[in-house]
Amino acid sequence: MLGGADKSNGDLGTYITGADMVAGYFLVELLTRFKSAYPNVTVQVVEDERPYIEHLLVSGEIDIGVLILSNIEDRDALQTEVLMHSPYRLWLPPLHPLLEHESISLADVAKQPLIQLNADEMDVHARRIWSRAGLKPEIAMKTASTEAVRSLVAAGMGVSIQPDMAYRAWSLEGNMIEARKLDDLLEPLDIGLAWRRGSARPELVTPFLTIARENGSKHAAGLKHSI
């Protein structure tokens, strides 16, 4: 749904998926930078589910999507560009026994009550991670709220595996959350752009891509500094 003949004027609409991960932790800064550089461009954002966005991209009804790319299905028809790799870390409450370990593995986590985030297809990605490891975790609770995950972990109700882009050291209640690397979980959460393979790219997409790449590099640098 991106279009316009003039890079400095026109309408730009982009479909996104992932209300929490994409909109909450990535898209706002990207759109702010784009609007600052191109103030005469009207930006419209429509949020929908990933399978439907893939359908719209493949059919040519929209030009570009900002997505969690880790779960993309139609990779033959879509060209993608990862803007940010967000590594996973284990969230734990203070004084948790695992904090005393020199290294922590998925097998260690499988023995703990796990708080599972179900928003943004995070449960799909999680199932793939556990399946590849040949492990079955003890899921204590499922929630669609990242804030609820923080609160539950900080209160000692369980541990959670989350992408580092969502990490905050405190819950809303002011309780502390620790984060530790998992030695055998190397697959990150990938966020980026998708468009139909081989399609002509409208002019307004080019400056959007440029700023999106710069924004992705900035996020990546910030994550490396925080880990």
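The lining of the largest pocket is made up of Gln-116, Asn-118, Asp-123, Ala-126, Arg-127, Trp-130, Pro-137, Ile-139 and Lys-142. Please keep in mind that this is a predicted model. Helix α4 gives the most to that lining, with four residues, and α4 is also among the elements that supply at least two residues each to the lining of the largest cavity.

**The largest pocket**

- The volume of the largest pocket is about 160 Å³.
- Two elements, α4 (122-133) and β7 (138-143), each supply at least two residues of its lining.
- Sorted by class, the pocket lining holds four nonpolar, two polar and three charged residues.

**The largest cavity**

- How many cavities of 30 Å³ or more does the structure hold? There is one, and the space in the largest cavity comes to about 120 Å³.
- The cavity is lined by 14 residues, and the closest to its centre are Tyr-88, Gln-116, Ala-126, Trp-130 and Ile-161.
- Strand β6, helix α4 and strand β8 each supply at least two residues of the cavity lining.

**Helix α4**

- Does the length of α4 agree or disagree with what its residue count predicts? At 1.5 Å a residue, its twelve residues should span 16 Å, and the C-alpha atoms at its ends are 17 Å apart, which agrees.
- The buried residues of α4 are Met-122, Asp-123, His-125, Ala-126, Ile-129 and Trp-130.
- Viewed down the helix axis, these buried residues fall within an arc of 160°, so they line one face of α4.
- Gly-134 follows α4 and has a positive phi, near 70°.

- Asp-120 is not a glycine, yet its phi is positive, at about 60°.
- Asp-120 sits in the loop between β6 (113-117) and α4.
- Is Asp-120 buried or exposed? Asp-120 is buried, because its relative accessible area of 17% is under the 20% cut-off.
- Glu-121 is likewise not a glycine and has a positive phi of about 60°.
- The loop between β6 and α4 also holds Glu-121.
- Glu-121 counts as partly exposed, at 21% relative accessibility.

**Aromatic pairs**

- How many aromatic pairs does a search of the whole structure find? The search finds three.
- One of them joins Phe-34 and Phe-208 in an edge-to-face arrangement, with 5.5 Å centre to centre and 70° between the planes.
- Phe-34 lies in helix α1 (residues 19-37) and Phe-208 in helix α6 (residues 205-226), so this pair ties together parts that are 174 residues apart in sequence.
- Phe-34 and Phe-208 are both buried.
- Trp-91 and Tyr-167 form another edge-to-face pair, at 5.9 Å centre to centre and 65° between the planes.
- That pair also links distant parts of the chain, with Trp-91 in strand β5 (residues 88-92) and Tyr-167 in the loop between β8 (160-163) and β9 (178-181), 76 residues apart.
- Trp-91 is buried, with a relative accessible area of 0%, while Tyr-167 counts as partly exposed at 25%.
- Ring pairs also link Phe-34, Tyr-38 and Phe-208 into a cluster.

**A contact across the sequence**

- Leu-106 and Asp-184 are 78 residues apart in sequence, and their C-alpha atoms are 6.7 Å apart in space.
- Leu-106 belongs to helix α3 (residues 106-110).
- Leu-106 is buried, with a relative accessible area of 2%.

Notes. Residues are numbered from 1 along each chain as its sequence is written. This is a predicted model: local features need pLDDT of at least 70, side-chain atom pairs count only at pLDDT 80 or more; totals for chains, interfaces and linings use all residues. Side-chain values use heavy atoms; hydrogens and water are left out. On a 1 Å grid over the protein atoms alone, a cavity is a set of points where a 1.4 Å probe fits but cannot get out, and a pocket is an open set with protein on both sides within 12 Å along at least five of seven lines; lining residues have an atom within 4 Å of a point. Grid points are joined across faces, edges and corners, and a volume is the space filled by probe spheres set on the points. Ala, Val, Leu, Ile, Met, Phe, Trp, Tyr, Cys and Pro count as nonpolar, Asp, Glu, Lys and Arg as charged, and the others, Gly among them, as polar. The expected span of a helix is 1.5 Å times one less than its number of residues. Buried means under 20% relative accessible area, exposed over 50%, partly exposed in between (1.4 Å probe, protein chains only). The arc is that of the directions from the helix axis to the C-beta atoms. Rings of Phe, Tyr and Trp (its six-membered ring) pair if their centres lie within 6.5 Å; planes under 30 degrees apart count as stacked, over 60 as edge-to-face and the rest as tilted.
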